[in-house]
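Open the model in your viewer and keep the selection tool at hand. This tour goes stop by stop.

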Amino acid sequence: MSDYYQLLEVDRSAGSEEIKRAYRRLARQYHPDVNGNDPEAAERFKEISKAYSVLSDPDKRQRYDAYGDAGVDGLPAGAADPFAGFGASFDDLLGAFFGGGDPFMGRPRTRSRARRGDTIGMRLRLPFTEAVFGTSKDVRVRAAAPCQRCGGSGAKPGTEPTVCSRCNGSGQQRTVRQSLLGQLVTATTCSVCGGSGHEIRSPCQECRGQGLLMQDSTLTIDIPPGLDDGSQVRYPGRGHAGQYGGPPGDLIVELAVDPHPVFERRGDELLCSLPVPMTVAALGGSVELETLDGIETVEVEPGTQAGTVKRFRRRGVPHPEGRGRGDLLVEIAVQTPTHLGEQQRALLRQLAQLRGEEVDPYAGGLFARLKGGGR
Ligand SMILES: [Zn+2]
Ligand SMILES: [Zn+2]
């Protein structure tokens, strides 16, 4: 058997980092995945892997230094078959070996059992005006709350959760496998404690060890002004309680805003249509409009056309954050009179005559004349 240090092309005084680097370099060079079926490379790869499995382990290295091959042959812990992981791909092996944090450097650490509470989502119907100006609402919420009986620990009163016997509190089960690269460690979530690192031997009967119970409660929430249908408001810490003392989750309220019979929203603008009698549109006057802020008098200039838009500054939707409001836009809808009495009809005919707009129902009418087809 060749000298392990020579195989890895390092000095006898090389440190563990240097050995690891050397091995990585050589493994890239000789791994069968890289060299196809070259039997020489495969053989070389086995040798450097064996060398690495010995020199990377301080115990084995010491024995090798003292006794040579005899010191490491017949070693327990898989040295008998250092190539057990040969079937794994190059990337798998290197990934498990060198990737993301050195698995050998990890020490079992005690994880906190505390877990953040879940988010609660709910929909809330709001009348249009309340959504525009903001409001405060009482909502019924069914949320996890710490169990009163055990104080949220999940353990029967008088007992305590203990450190998980399977994982020693790390929350992870480490499976150590010997491979040609030495020890291959895989970590999975502990099956006994589910990753919490703690075991509850005698669970609280009230909450069955969960430390939490569902509870109905009424919350008062503030809805800021200016939010529209579908807006979501987040209330930090108003969701489900955290498990075993963890921080609570958030409450997220999605608004379902009712439409308004008169007003419509376009961003921060309020839109509405104001019916104005034909005579007022023609002669001018003022019309009262009930806005969301109260009665507003709309001045109608003589000769106002249908579709004219009047803008009322800062009578629209308040901005959700900060100051300011959008505008209110009022579109004049001129109403054509219907159900005319005989006298009204006569007056309108007279007016039409005065304006040269007389309509002769037997001669194609105004429309035909305007198109040039009349007399
Ligand atoms: Zn309990
Ligand atoms: Zn465990």
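What is the geometry of the site of the zinc ion (ligand 2)? With angles of 102 to 119° among its 4 donor atoms, the site is tetrahedral. For four donors, that word requires all angles to lie between 85 and 135 degrees. The ideal angle for four tetrahedral donors is 109.5 degrees.

Before going on, note that this is a predicted model, where local features need pLDDT of at least 70 and side-chain atom pairs count only at pLDDT 80 or more, while totals for chains, interfaces and linings use all residues. Residues are numbered from 1 along each chain as its sequence is written, chains are lettered from A and ligands numbered from 1 in the order written, and side-chain values use heavy atoms, without hydrogens or water.

**Stop 1: zinc ion (ligand 2)**

Select C164, C167, C190 and C193. Their SG atoms are the protein donors of this ion, at 2.2 to 2.3 Å. Donors are N, O and S atoms within 2.8 Å of the metal (3.2 Å for Na, K and Ca); water is not among the atoms, so sites may look incomplete. Along the chain the spacing reads C-x2-C-x22-C-x2-C. Now check burial, where buried means under 20% relative accessible area (1.4 Å probe, protein chains only). C164 and C167 are both buried. C167 has a relative accessible area of 6%, and C193 is buried at 10%.

**Stop 2: zinc ion (ligand 1)**

Select C147, C150, C204 and C207. Here the SG atoms lie 2.3 to 2.4 Å from the zinc ion. This site is tetrahedral too, with angles of 105 to 114° among its 4 donor atoms. The spacing is C-x2-C-x53-C-x2-C. C150 sits in the loop between β2 (135-146) and β3 (162-163), and C207 in the loop between β6 (198-199) and β7 (212-223), so the pair ties together parts 57 residues apart in sequence. Strands are DSSP runs (E, at least two residues), numbered from the N terminus. C150 is buried at 11%, and C207 is buried at 5%.

How many disulfides are there? The count is 0, taking a disulfide as a pair of cysteine sulfur atoms within 2.5 Å.

**Stop 3: the cores**

Select I221, I223, L255, L274 and V276. These have the most contacts inside the largest nonpolar core, which has 36 residues. Such a core is a set of buried Ala, Val, Leu, Ile, Met, Phe, Trp, Tyr and Cys residues joined through side-chain atoms within 4.5 Å. Centre on V276. Among the residues that V276 touches are A281, V287, V300 and I332, not counting residues up to four places away in sequence; contact means heavy atoms within 4.5 Å. Apart from this core lies another, of 22 residues, including Y4, I19, F45 and L181.

Definitions and conventions:
Tetrahedral: all angles 85-135°; square planar, octahedral: opposite > 155°, others 65-115°. Buried < 20%, exposed > 50% of the residue type's maximum accessible area, 1.4 Å probe, protein only. Helix = DSSP H or I, 4+ residues; strand = E, 2+ residues; numbered from the N terminus.
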